[in-house]
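Please read the following report alongside the model it describes.

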Amino acid sequence: MDFNLPPENDPRRLEIREFFEANPRPTGRQLAERGYTVPHWPRPWGLGADPELQLIIDEEFDRAGLQAPARLNPVALNNCAQSLLTHGTDAQRERLLPPALAMEEKWCMLFSEPSAGSDLGALRLTARREGDHYVVRGQKIWTSLAHKAQIGVLVARTNTNVPKHAGLSQFLIDMNSPGISVRPIIDMSGNENEYNEVFFDDVKIPADRLLGKEGDGWALTMAQLQTERVALSKAGAIWGSGPSARDLVSELIASGGIDDPLIRDEAAKLYIEGEIIRLLAYRSLSDRMNAKPAGPEAAVRKMVAAPHGQRIVDLAKRVQGMSGLITGNGAFKRTNDGRHMFDDWDYAFWFNPAVTLGVGTQEVLKNVISERVLGLPREADPTAKTPWAELQKSKLKTAV
Amino acid sequence: MNFALSEDHELLRDSARSFLDKEIDLAPLLVPGATVKNANYEANWSKMVELGWPGLVIPEEFGGSGMTLIDLIMVVNEIGRTLAPGPMLGVLAGTWALLKGASTEQKASLLPRVASGDLKLALAVADESGNADGPGSDAKASAGSTGHVINGSKSFVIDAAAADILVVAAEVDGARAWFLVDAKQNGVQVTPLAWRDITRQVCTVDFHDAAAERLEADDATIWPWVRDRILLVLAAESAAGLQQTLASSVDYAKERVAFGKPIGAFQSIKHVLAGMFGASECANTAVLFAAWALSEDDPKASISTAIAKAYATEAYVTATNQNIQIFGAIGFTWEMKNHLYFKRARANAEMFGSPARHRERVIDILRQQAA
């Protein structure tokens, strides 16, 4: 057992550092050509990097003052584009991957609907095959980046004669297709455009943009939601992007806020949790290096980290007392490089409730852990086996 | 970089596990009115001696097996998981004090006998207030013609009743120093406390002109080093006890039926258990890191043991409460094991500083680093 991280003079590190010294402001193309935007992918796209090299690359981006590619095009690089390696056609890979990996085309994830959140399999948006294209009708919601994305990963119902999960398919669509309209949601923080509603009014999608086969949609979607690149989350608020417990404690020490014993004990608890969450990330990294199958750590880490992050920004807010209620008034100076909106303590606080909702609610996550890890009985879904169309009829009957 | 256990670690853990599963029987403690006298301390210990456990941390030159703290944790986890009664913690604590504080001659005369199981040690460090960190002590030493004599008392001495030799922190000339005291001499009186955790022997020791031999190292050399190791053991016992508490809770939730289904089908139970699983993973991770950091003498060693002790013992307390809630009223009876874990968790949390106290230490360390 060895908890030492890759050393400063690791030759792989020096090579990357040399590149960043020669190219202090690299373009997305340059980064993608060197495999740095998806190092965990096989060549030629990535470097086939083991988790240790991924960690080194993350650290060197940080040191060079560059935003991590996964932060700039998260849907493509973290979740979805990898499906093209296994399920895409050559034409799809050729057209879609180079601009995605170079971060020239941003992607968004068109999954949730107004009546299908945690129960995503109940989504209603339909794609109907007509000749060489599909016609899409319906609505998506909670779509991050929809207003900036060129490409959308859409899950749609293509078959209503089979049970709900079996009738879904995935498409890679152009977001500028006629009939798509994006409307920002103004969330409780007052911010708009973090999330959007997306409406599809008979949108035509070329049939060659179907990913895999019809009916593959559920499996693809689940795989994409579970794909977690071995990113060493900073153990901070807002899915790791916001202020961390280390940030909180050093600010409290610097400001003298730590002298209040009521604050101090809470801050210490958060610090301890934060350090342990970091170690959990290292452990899962190490397990993957030892070729152990990905265990439940990712789900466990999210379950522990999400409320942990909420408590970090919550304590910072309480330290401010009444002045924390003034819009824009953060407890401390912006964290990290200050460029990201979650580096703002005030914004991070008002955004905070979303963290135990987005990417799987805390309740669903606990179900998953108790069922898949602890082997407790599964939640029954009385709608799982009935063909979708029949289900709709019986629902209508009940409604009447 | 490799955070995984090696095959040797897993082997050590598995052999300790199968030994304890076979040999440890808590049934006598589940009879109402049972005390630590029913815990089979002596019989369990002689079996542990056969496996060489007293010598795990003693270097080979002194007759031990010179294992690392990570190796040790593999065994201590299993002791914590099964609540195996026996003087392991007392012997370990005394051994560490000797390793850090004794002269080579003292080590050479005592440690081989400890390793062979011939001699049992205990560490008398806490006072009646519960404070173990000094600078004073309820026991006072004074120089006599042939060595020192000690008067006064020490409290909450783990495994004192089993011990042949006590390693005692006593005040001399206004500072704390460490002494070897023959526990069997007339001037030493060991009184077991009516300690709630009956899987462990905890005693008060009174000294009346007890003859004592001073260790050469000073308090500042001995105590922080020994304390960090004791904290690691308590954290490791607790993390493993928590894991066992989770396992028994999950088993029961699958078995017990109410309203036509196993209670583990209800989200109110499932979510508690998911949370307990998260806490268990966190506790184990904190313990492994602390064991590694101490083994490597890493700069983070001290803060890591404070973190492990604070987190693991507090999470253990929470889990043992939840465990009784999940079992329902049967879990509240003496004849079930649940209360043994509940009591061990409470005791481990309070011993050598509460979780809140160690959180203060974490902040103190961070403040010093920031200054």
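## Basis of the model

This is a predicted model, in which local features need pLDDT of at least 70 and side-chain atom pairs count only at pLDDT 80 or more, whereas totals for chains, interfaces and linings use all residues. Residues are numbered from 1 along each chain as its sequence is written, and chains are lettered from A and ligands numbered from 1 in the order in which they are written.

For the complex, the predictor gives an ipTM of 0.96 and a pTM of 0.93. The average pLDDT of chain B is 97, with 100% of its residues scoring at least 70; pLDDT is the predictor's confidence in each residue, from 0 to 100.

## Chain A

Chain A contains 14 helices and 8 strands, where helices (H or I, at least four residues) and strands (E, at least two) are DSSP runs numbered from the N terminus. Its radius of gyration is 22 Å, close to the 21 Å that the globule rule gives for 400 residues, so chain A is as compact as a globular protein of that length; the radius is taken over C-alpha atoms, and the rule is 2.2 Å times the number of residues to the power 0.38. Along the principal axes, the C-alpha trace of chain A spans about 65 × 50 × 40 Å.

Of the 400 residues in chain A, 43% are buried, a residue being buried if 20 or more other C-beta atoms lie within 10 Å of its own, exposed if 12 or fewer, and partly exposed in between, with C-beta atoms placed from the backbone. Chain A is divided into domain 1 (11-72), domain 2 (107-226) and domain 3 (245-360), bounds that come from an automatic or database domain assignment. The C-alpha centres of domain 1 and domain 2 of chain A lie 31 Å apart.

## Chain B

Chain B has 10 helices and 9 strands. With a radius of gyration of 21 Å, close to the 21 Å that the globule rule gives for 371 residues, chain B is as compact as a globular protein of that length. Its C-alpha atoms fill a box of roughly 80 × 50 × 40 Å along the principal axes, and 55% of the 371 residues of chain B count as buried.

The domain assignment of chain B gives domain 1 (7-115), domain 2 (121-217) and domain 3 (221-370). Between domain 2 and domain 3 of chain B, 8 residues of the former are in contact with 8 residues of the latter, contact meaning that the C-beta atoms of two residues, placed from the backbone, lie within 7 Å. The side of domain 2 of chain B that touches domain 3 of chain B divides into 3 nonpolar, 2 polar and 3 charged residues; here Ala, Val, Leu, Ile, Met, Phe, Trp, Tyr, Cys and Pro count as nonpolar, Asp, Glu, Lys and Arg as charged, and the others, Gly among them, as polar.

## Where the chains meet

In the contact between the chains, 37 residues of chain A touch 36 residues of chain B. The elements of chain A that give two or more residues to this side are α9 (245-255), α10 (261-289), α11 (297-320) and α13 (362-373), and the largest share, 14 residues, comes from α10(A). The side of chain A that touches chain B is made up of 22 nonpolar, 6 polar and 9 charged residues.

Helix α10(A) has 21 of its 29 residues buried, so it is largely enclosed by the rest of the structure.

## Local backbone features

Most residues other than glycine have a negative phi, and most peptide bonds are trans. The peptide bond from A:R43 to A:P44 is cis, with omega near 5°, and A:P44 lies in the loop between α2 (28-33) and α3 (51-63) of chain A. In chain B, the bond from B:G134 to B:P135 is likewise cis, with omega near 5°, and B:P135 lies in the loop between β1 (121-124) and β2 (139-143).

B:N40, which is not a glycine, has a positive phi of about 60°, and with 19 C-beta neighbours inside 10 Å B:N40 counts as partly exposed. B:D173 has a positive phi near 50°, and with 8 C-beta neighbours inside 10 Å B:D173 counts as exposed.
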